Amino acid sequence: MAAAEKVMSRKGLKASTVAEIARVAGINESLIYHHFRNKRDLLFSLEGAHMAQVIQRVNEQLAGIPEALSRLSKMVWFHLHYNQSNLDYVLLLLFECRSNIKFYQHPAYGLIQRYAGILLDILRQGVASGAFRQDLDLRLVRDLILGALDWFAVKRITGEDIGEAVGQTQRLMAFIRLLVQARSLPTAQALDKHARILEAAERAFSAKGFASATISDIARLAGVAEGTIYEYFTNKQDLLMSIPKARFAEHIDKLKELFVIKSTPRKLGRFIRHHFLLYLTQPDFLRVFLLNIQLNPHFYGSESYAMYREYTGIVDQILSEGKADGTLWDGLDNEVFKSILFGGFSHVTLRWYISPGKDDQRKMEEINGVVKLLVRTAMHPDLPLAAAEI
């Protein structure tokens, strides 16, 4: 396996031969077939051996760390540090294994799923302990984090990012911390109570009917005291009539920006949604891009990559505009945000490909979840969360 890693990381799977691997290993060629079915099985198996080692070592790193955020930070650091120290392994994993659809049926991929499960367990622990937000879609967050780690790995392989693991960890965790932790916004929460009560009233009236739904039902759904509702509405009838008023005002506001979007958070959300909708509207292109282009080392020296960088650079323009007008967090790291967005996109949509079964409605729910999660995390902390609605 060591000889295979040396040869294949230099030549790739297709150009490598079993004879050359045997020569580098100093063994007879036929001996390789005693252990592996073919050179593809050899490649997948050596990646599996690396991943088994990664799982063992990351569990050792996490032992004795009880707090979820610290465990998450440690795992991010370990992942970046291991990639930095084992670049041939990372190159083969990304460009030779993950781009090969047969890899996802090999036992080695099961080890990658186990590794992703460790991250998912950390996120679950954070939610259970109250350290992380209760409304997180944990699989989406896991995919966004793993995608960001892939983004930095590709940047290292292509020579675009040579930062050390510690510095990259600090940059990533500054954003991830905001992504997962409960946001303390007393002013925004006060402004959101009105919207929460209206939303709860909609749900209650829809489920029980106007006559049967009570103010107590609505208060419970909104998470407010019953008396709080009367601070905003005269009675149940006033509450009912306020629902269409708010909804139509919202629609009118969105229609005003249908062709010219002035709000920077909405621009950002519109871009993210448009990017994810490529999966639903151009599935053939996206499949080719995910497996054959993005995970092809030749892509990163091509004219197409220059065009791709121009496309991803639109996000830089939006983020810079938002920082300038005060709607986005001025400490936002553009490269980290792009790693979360574009790397996470690859992980989420690839999961849809290799684990079919979700209908378009569920996929749209996940897309909306990503939009809301990323835009709200990027926003300036003094703004009400309602400003993130797209």
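Modeller: Below, values are set against the definitions behind the labels.

Modeller: A word on the ground rules: this is a predicted model, where local features need pLDDT of at least 70 and side-chain atom pairs count only at pLDDT 80 or more, while totals for chains, interfaces and linings use all residues. Residues are numbered from 1 along each chain as its sequence is written, and side-chain values use heavy atoms, with hydrogens and water left out.

Biologist: Happy with that. How many helices and strands are there in the protein chain?

Modeller: The protein chain has 18 helices and zero strands. Here helices (H or I, at least four residues) and strands (E, at least two) are DSSP runs, numbered from the N terminus. Along its principal axes, the C-alpha trace spans about 85 × 45 × 40 Å.

Biologist: Why is Leu-62 called buried?

Modeller: Buried means under 20% relative accessible area, exposed over 50%, and partly exposed in between (1.4 Å probe, protein chains only). Leu-62 has 2% relative accessibility, so Leu-62 counts as buried. Leu-62 lies in helix α4, and its C-alpha atom is separated by 7.4 Å from that of Met-75, 13 residues along the chain.

Biologist: Which residues is Leu-62 in contact with, leaving aside neighbours within four places in sequence?

Modeller: Contact means heavy atoms within 4.5 Å. With those neighbours set aside, Leu-62 is in contact with Arg-71, Lys-74, Met-75, Ile-118 and Ile-122.

Biologist: What makes Lys-245 buried or exposed?

Modeller: The relative accessible area of Lys-245 is 65%, so Lys-245 is exposed. Lys-245 sits in helix α13 (residues 236-256).

Biologist: How do you know whether His-79 and Thr-228 are buried or exposed?

Modeller: His-79 has a relative accessible area of 12%, so His-79 is buried. Thr-228, at 11% relative accessibility, therefore counts as buried too. His-79 belongs to helix α5 (residues 68-85) and touches Tyr-115 and Leu-149, not counting residues up to four places away in sequence. Thr-228 is found in helix α12 (residues 226-232), and its contacts, leaving aside neighbours within four places in sequence, are with Lys-193 and Ile-197.

Biologist: Which residues of α15 are buried, and why do you say they line one face of the helix?

Modeller: In helix α15 (residues 283-293), the buried residues are Leu-286, Phe-289, Leu-290 and Leu-291. Seen down the axis of α15, these fall within an arc of 170°, so they line one face of the helix. The buried residues of α15 pack against α14 (264-281), α16 (303-325) and α17 (334-354).

Biologist: What about the buried residues of α2?

Modeller: For helix α2 (residues 18-25) they are Val-18, Glu-20, Ile-21 and Ala-22. They pack against α1 (2-11), α3 (29-35) and α4 (39-62). After α2 comes Gly-26, whose phi is positive, near 75°.

Biologist: What makes a set of residues a nonpolar core?

Modeller: The term covers buried Ala, Val, Leu, Ile, Met, Phe, Trp, Tyr and Cys residues joined through side-chain atoms within 4.5 Å. The largest such core has 106 residues, of which Leu-172, Ile-272, Phe-337 and Leu-374 touch the most other members. Another core lies apart from it, with 16 residues, among them Ile-215, Ile-218, Val-224 and Leu-239.

Biologist: And how much of the protein chain is buried?

Modeller: Buried residues make up 48% of its 390 residues. Among contacts between residues at least 6 apart in sequence, 71% join residues at least 24 apart.

Methods. Arc of directions from axis to C-beta.
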